[in-house]
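The exercises below are to be worked with the sequence and the 3D structure open. Each task is followed by a stepwise solution.

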Amino acid sequence: MTEKTDPPGAGTHSESGSPTSSSGLRAGTINSRHLVFFVIAAAAPLTILVGFAPLGLMVSGAALPVGYVVPGIVYLLFAVGFTAMSRHIRGAGAFYAYITEGLGKTVGAGASVLAYIGYLGGQIGFVVACGIFLSSTIELFLGVTVSVYTCALAVAVLVVVVGYRRVDIGAKVLAVLMALELGVLAVFCVAVLLKGGHEGLSLDSFSPSTFMTSGLASVFVLTFTSFVGFEQTAIYSEEVVDSKRTVSRATYTAVTVLAVVYAFCAWVIVQAVGPSRMGDLLGGDPSELIFDL
């Protein structure tokens, strides 16, 4: 949601999507598939399910899958107005551009600063977490101890290098990483389903008697956050192939895919845990739950 600005002297974009100057944003570069990759990669389904799902189980129990369905529906409804604005207000600032258009530059600037601080905090946390996992992985496979902060810095530099390359290169890199990430989840889910779960497969998670509990409301703190980044489709409105359709199509697709993946994988995790031993497994370190399964 940080506003992207053209460098001095950059040309504007024509309606056909062709850039009038090579120094500005690359118009007509990104299609719906690229945007979906960006959104899903930003949401990081593997991280969400490994890190958030155990906490969600502690709060809502077997009702966790519904905790992902409800935010998906809410965000799809929100996307109706959000994507409609993207067809009329083209700007790399996304929310900043929309808020400025409706409420003025002062409110828009305040919203952009708030968003920047929030995303900066999240970015710091994610980079350090990535450094922790990278450091432990290197030590596990190579027997070499590398500082967590050294690994985090290396990851940050790599992200910067890819980010400053052409935007379609970033999309291709994310496509590969996302495929591997979803592949890990797919292997886990298939293995659990072939085994039949711990106590058999059941759809009790979706029955009203299960999800109509106070715990479900509490878990929304986690599950609504799990869709973070879906709004970034509008950031690329000046670089998409078709500004009237690409952003809306990508937004709906990304939110739907995330909701389905989250809900399905959460249901599989519930089946792998089993109702009878949920309390015992969650009584230990929740961060190890998925690895233990």
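**Exercise 1.** How many residues has the largest nonpolar core, and which have the most contacts inside it?

Solution. The model is a predicted one: local features need pLDDT of at least 70 and side-chain atom pairs count only at pLDDT 80 or more, while totals for chains, interfaces and linings use all residues. Residues are numbered from 1 along each chain as its sequence is written, and side-chain values use heavy atoms, with hydrogens and water left out.

Step 1. A nonpolar core is a set of buried Ala, Val, Leu, Ile, Met, Phe, Trp, Tyr and Cys residues joined through side-chain atoms within 4.5 Å. Buried means under 20% relative accessible area, exposed over 50%, and partly exposed in between, with a 1.4 Å probe and protein chains only.

Step 2. Read off the core. The largest one has 50 residues, and Leu 57 and Tyr 262 have the most contacts inside it.

Step 3. Assign it to helices (DSSP runs of H or I, at least four residues; strands are runs of E, at least two; both are numbered from the N terminus). Elements that each supply at least two residues include α1 (32-43), α2 (45-60), α3 (64-88) and α7 (167-195). Helix α10 gives the most, with 15 residues.

Step 4. List the partners of Leu 57, a contact being heavy atoms within 4.5 Å. Residues up to four places away in sequence aside, Leu 57 touches Leu 64, Ile 269, Val 270, Val 273, Met 278, Leu 282 and Leu 289.

**Exercise 2.** Describe the element content of the chain and the sequence separation of its contacts.

Solution. Step 1. Count elements: there are twelve helices and zero strands.

Step 1. Count cover: 40% of the 293 residues are buried.

Step 2. Take the contacts between residues at least 6 apart in sequence; 76% of these join residues at least 24 apart.

Step 3. Look at one example. Val 50 lies in helix α2 and touches Ile 290 and Phe 291, not counting residues up to four places away in sequence. Val 50 and Phe 291 are 241 residues apart in sequence, yet their C-alpha atoms are 8.1 Å apart. Val 50 has a relative accessible area of 16%, so it is buried.

**Exercise 3.** How many disulfides does the chain have?

Solution. Step 1. A disulfide is a pair of cysteine sulfur atoms within 2.5 Å. By this rule the count is zero.

Step 1. Check Cys 130. At 33% relative accessibility, Cys 130 is partly exposed.

Step 2. Check Cys 265. Cys 265 has a relative accessible area of 6%, so it is buried.

Methods:
Contact means heavy atoms within 4.5 Å.
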